[in-house]
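Subject: the model you asked about

Hi,

Here is the structure, as promised. Have a look at it first, then read on for what turned up.

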There are 2 protein chains.
Amino acid sequence: MAINVVGSVAYDSIETPAGRRERCLGGAATYFSLAASFFTEVRVIAVVGEDFGRRQEAVFQARGIDTRGIEHTAGKSFFWEGSYLDNLNEAKTHNTELNVFAAFEPKIPEAYRDSEFLFLANIDPVLQRRVREQMPDVKLVAGDTMNYWIKDHRAALLEVLKGLDVLLINETETKMLAGNNNLVQAARAVLALGPKSLVVKHGEYGATLFNESSPKGKSAERPFRAPALPLEEVVDPTGAGDSFAGGFFGYLASQPTLTPAAYKQAMFYGSVMGSFACERFGTERLQQLTRKEIDDRFTVFRELTHLD
Amino acid sequence: MAINVVGSVAYDSIETPAGRRERCLGGAATYFSLAASFFTEVRVIAVVGEDFGRRQEAVFQARGIDTRGIEHTAGKSFFWEGSYLDNLNEAKTHNTELNVFAAFEPKIPEAYRDSEFLFLANIDPVLQRRVREQMPDVKLVAGDTMNYWIKDHRAALLEVLKGLDVLLINETETKMLAGNNNLVQAARAVLALGPKSLVVKHGEYGATLFNESSPKGKSAERPFRAPALPLEEVVDPTGAGDSFAGGFFGYLASQPTLTPAAYKQAMFYGSVMGSFACERFGTERLQQLTRKEIDDRFTVFRELTHLD
């Protein structure tokens with residue numbers, strides 16, 4: 001089933017120990033869409049400036065992603081500049097220019113109205129909420145956020161959390177949002193804010209799925225941990241989290257029923273897509289990926305963790 | 001089959017966010033023995049002072065551990081004082097008194113000569129090597145070490161590594177030993193120093209088994225990752241690594257053949273024993289454990305990571 005995703009389509013200038021790239025195509029919605037497109041139909045809602053042209057459009061089209069919801073306006077696209085020179089697990093932001101995003105009013109095109117899945121990528125929670133309200137009847141809605149919104153826009157963010165089925169954030173964000181340094185306690189506190197499930201991303205250590213507790217002892221309600229692949233070289237971690245979300249949510253959207261087993265598989269596909277994203281700069285690796293490579297890596301992840 | 005273990009039997013004064021305990025029974029060989037005793041016969045080689053009496057002896061005897069190789073001499077037992085107030089993943093050492101350990105000359109009792117497994121717990125590599133040389137024909141030898149020996153006693157340590165089948169160290173130590181910050185590259189460099197297998201412990205993120213590379217593509221040579229249980233409360237992480245080693249090596253020693261599948265199971269049992277060790281101060285939890293609790297937690301670890 002189709003996913004609507006709202007979020008940034010942007011340019012990134014990135015420096016890592018492996019080198020530097022200027023103005024790569026990036027943005028959370030871009031990574032998410034590319035990753036999810038290997039599993040299901042994806043429709044993007046975003047805004048770009050005059051610097052977004054046919055070449056960028058072609059990246060989405062090559063993966064069959066619907067871009068009719070990408071609004072083109074005067075000005076420049078969202079721009080981010082960051083580096084990972086000291087720590088590959090955490091970006092240091094040097095510059096953020098909202099540009100056309102500053103006045104973004106997300107509109108859901110008529111052609112997107114029948115999508116049953118909604119992903120709210122990391123943007124201003126006020127915008128996330130507005131999109132959510134335009135799609136009250138979706139089957140499943142998931143979202144992401146970041147430290148900035150947790151710290152300085154908490155009230156707006158809490159409103160968004162109430163309407164989420166799945167929240168995907170990293171471990172630091174989970175602890176910050178809960179005000180608790182113990183992962184299990186923090187996860188429980190976050191689930192009490194609204195989401196039915198919480199996916200905590202641990203970077204190179206994988207990710208953990210926590211579920212709303214229910215009458216005791218049902219194993220489906222227990223946490224589930226997907227590994228990350230120990231990588232020989234991390235070229236660029238930008239977008240790994242968004243790619244995880246795309247693999248996770250894309251897989252779920254491709255399933256006829258959302259069973260606990262489907263969520264576990266989705267966790268693995270999320271980790272798989274996150275690991276590919278790190279192998280080249282920007283979206284390069286996701287653009288060149290094949291479904292066979294994805295399934296082969298899924299097998300490697302299974303062997304990495306399964307006793308038999 | 002029986003394991004000989006050489007290492008410290010000691011007293012620890014420990015402070016964690018959960019409280020403080022004075023002079024708990026501790027030491028790497030103690031944690032290792034208690035954990036391994038749930039799987040196989042264990043025989044300890046160590047030295048203690050006059051402060052080690054019948055009550056401490058009884059802790060080993062209750063688990064059927066052979067203590068004939070624990071030498072009693074004049075003076076005080078090894079003593080360590082540390083805290084985990086800022087970071088549960090890393091101890092801050094306040095005091096280390098070698099005491100009777102300063103003049104330790106490990107001797108293997110005649111009754112221990114037929115042991116087929118040998119574990120060299122974290123002590124001076126010069127002593128590890130001497131024990132190793134007294135048992136040249138064991139079936140499997142594994143060992144541990146720490147940052148202090150890696151930094152300041154490297155030459156002696158490198159001699160020990162040449163004679164090891166399995167080295168178990170934490171991630172920081174792996175990277176320090178290899179002089180490389182990438183885990184996969186560091187693991188390969190450490191394996192080149194001698195050990196056939198390397199178990200890298202990641203604390204709350206579990207542990208990874210790396211094997212000597214062999215003609216490509218054999219899945220048994222791929223890394224294997226065991227999870228750690230997300231714990232609601234970590235009372236005291238002291239000895240978690242030694243308990244991991246005890247579960248890992250104890251399980252291997254209980255197996256008729258050392259297949260790749262046995263190593264994977266051993267990784268899980270290691271993680272299980274490490275998780276129990278953290279639940280109470282010192283060795284309290286290991287002393288009260290039952291084999292049924294161990295197998296129940298093994299099942300939980302499987303559900304935590306397995307797709308089906």
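A salt bridge here means a side-chain nitrogen of Lys or Arg within 4 Å of a carboxyl oxygen of Asp or Glu. Over all chains, the structure holds 46 of them.

Some housekeeping before the details. This is a predicted model, so local features need pLDDT of at least 70 and side-chain atom pairs count only at pLDDT 80 or more, while totals for chains, interfaces and linings use all residues. Residues are numbered from 1 along each chain as its sequence is written, chains are lettered from A and ligands numbered from 1 in the order in which they are written, and side-chain values use heavy atoms, with hydrogens and water left out.

**Salt bridges and the interface**

One salt bridge inside chain A joins Glu159(A) to Arg129(A), with the closest N and O atoms 3.6 Å apart. That pair links distant parts of the chain: Glu159(A) sits in helix H5 (residues 154–162) and Arg129(A) in helix H3 (residues 125–134), 30 residues apart. Helices (H or I, at least four residues) are DSSP runs, numbered from the N terminus.

Across the interface of chain B and chain A, the rule finds six salt bridges. Glu303(A) and Arg222(B) form a salt bridge whose closest N and O atoms are 2.3 Å apart. Chain B puts 30 residues into the contact and chain A puts in 30 residues, contact meaning heavy atoms within 4.5 Å. The area buried between the two chains is about 3100 Å², and carbon and sulfur atoms give 50% of that. (Buried area is the accessible area, with a 1.4 Å probe, that two parts lose on being put together, summed over both.) On the chain B side, Tyr205(B), Arg225(B) and Leu307(B) lose the most area to chain A, together 26% of what that side buries.

**Helix packing in chain B**

Helix H9 (residues 260–277) of chain B packs against helix H11 (residues 291–305) of chain B at about 115°, with axes 9 Å apart. Axes are lines fitted to C-alpha atoms, for helices over the stretch in contact, and angles run from 0 to 180 degrees between N-to-C directions. So H9(B) is roughly perpendicular to H11(B), the label for 65 to 115 degrees; under 35 is roughly parallel, over 145 roughly antiparallel, and the rest oblique. The residues of this contact divide into eight nonpolar, four polar and five charged. (Ala, Val, Leu, Ile, Met, Phe, Trp, Tyr, Cys and Pro count as nonpolar, Asp, Glu, Lys and Arg as charged, and the others, Gly among them, as polar.)

H9(B) also meets helix H8 (residues 240–253) of chain B, where the axes come within 7 Å and cross at roughly 145°.

The axes of helix H1 (residues 28–36) and helix H8 (residues 240–253) of chain A come within 7 Å and cross at roughly 40°. That makes H1(A) oblique to H8(A). By class, their contact has seven nonpolar, four polar and one charged residues. Tyr31(A) and Phe32(A) are among those from H1(A), and Asp242(A) is among those from H8(A).

Cheers

Note on methods. Helix = DSSP H or I, 4+ residues; strand = E, 2+ residues; numbered from the N terminus.
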